[in-house]
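Student: I am new to this structure. Could you take me through it with questions and answers?

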Amino acid sequence: FIVIEGFLGGDDGTRLCRFGGWGGVEAHVINDTRAACVAPAAAAEGAVPVQISSNAQDFSTHGANFAYFEPAVLSQLAPSTGPAQGDTRITLYGNFSALGSVYACQFDEDEPVVPATRESASELVCVARPLLASTSYHISVTLNGDDYAQLAVPFAAYALPIVDGLS
């Protein structure tokens, strides 16, 4: 679902959302200023205007754009290990659309999300947060904050050696 915010008009009948001029999908009214719609599939990447109708015929003239993009595809990462204390700069390689809105990495499903930077169409960089030593993490990335792609190759955290003295 995407949520549309604004003045929804009167209650004249069936509300529809239109994405880039393609027909219309049912709008589910949340309240007087918000409605939710399921974005239909698109044939190609790109931004399209989203409009809403309160009578299934006349659509809004002002709207926001919705971006369609290919899902992230991950192929490898470097380095594949780092200290458990965190702060390791990890470069993920794959396919990362420029149309993404929220680039982020997650070290396993129940772990907090960390911001990522899109360096190029094929490189995304994130910095590891503190992790448990002797543990492997399956990194996932998102380009929109909702949909995640997971890398098959794990990132392993290790404990840094400690020097207690010299003799």
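Student: Are Phe 107 and Phe 155 buried or exposed?

Tutor: This is a predicted model, in which local features need pLDDT of at least 70, side-chain atom pairs count only at pLDDT 80 or more, and totals for chains, interfaces and linings use all residues. Residues are numbered from 1 along each chain as its sequence is written, and side-chain values use heavy atoms, with hydrogens and water left out. Buried means under 20% relative accessible area, exposed means over 50%, and partly exposed lies in between (1.4 Å probe, protein chains only). By that scale Phe 107 and Phe 155 are both buried.

Student: How many aromatic pairs are there?

Tutor: Rings of Phe, Tyr and Trp (its six-membered ring) pair if their centres lie within 6.5 Å; planes under 30 degrees apart count as stacked, over 60 as edge-to-face and the rest as tilted. By this rule, the number of aromatic pairs is 4.

Student: What kind of pair do Phe 19 and Phe 66 form?

Tutor: Phe 19 is in strand S2 (residues 16-19) and Phe 66 in strand S7 (residues 64-68), 47 residues apart. Strands here (E, at least two residues) and helices (H or I, at least four) are DSSP runs, numbered from the N terminus. The ring centres of Phe 19 and Phe 66 are 5.6 Å apart and the planes stand at 80°, which makes the pair edge-to-face.

Student: Why is S6 largely enclosed by the rest of the structure, and how many of its residues are buried?

Tutor: Gln 51 belongs to strand S6 (residues 46-53). Gln 51 has a relative accessible area of 17%, so this residue is buried. S6 is largely enclosed because the buried residues, of the 8 in the strand, number 6.

Student: Which strands stand at the edges of the open sheet?

Tutor: The open sheet has 7 strands in the order S8-S10-S13-S12-S11-S15-S16, with antiparallel pairing. Each edge strand has a single partner strand, so one side of each is left without a neighbour in the sheet; the edge strands are S8 (73-78) and S16 (148-150).

Student: What is the bridge partner of Cys 105 in S12?

Tutor: S11 and strand S12 (residues 113-120) pair in the antiparallel sense over 3 bridges. Within S12, the partner of Cys 105 is Val 114.

Student: How many salt bridges does the structure hold?

Tutor: A salt bridge is a side-chain nitrogen of Lys or Arg within 4 Å of a carboxyl oxygen of Asp or Glu. One of these links Arg 34 and Glu 5, with the closest N and O atoms 3.5 Å apart. Another links Arg 89 and Glu 119, at 3.7 Å between the closest N and O atoms. The number of salt bridges is 3.

Student: Where do Arg 129 and Glu 111 lie?

Tutor: The side chains of Arg 129 and Glu 111 meet in a salt bridge at 1.8 Å, N to O. The pair ties together parts 18 residues apart in sequence, because Arg 129 is in the loop between strand S13 (123-127) and strand S14 (135-137), and Glu 111 is in the loop between S11 and S12.

Key: Pairing = 2+ DSSP bridges.
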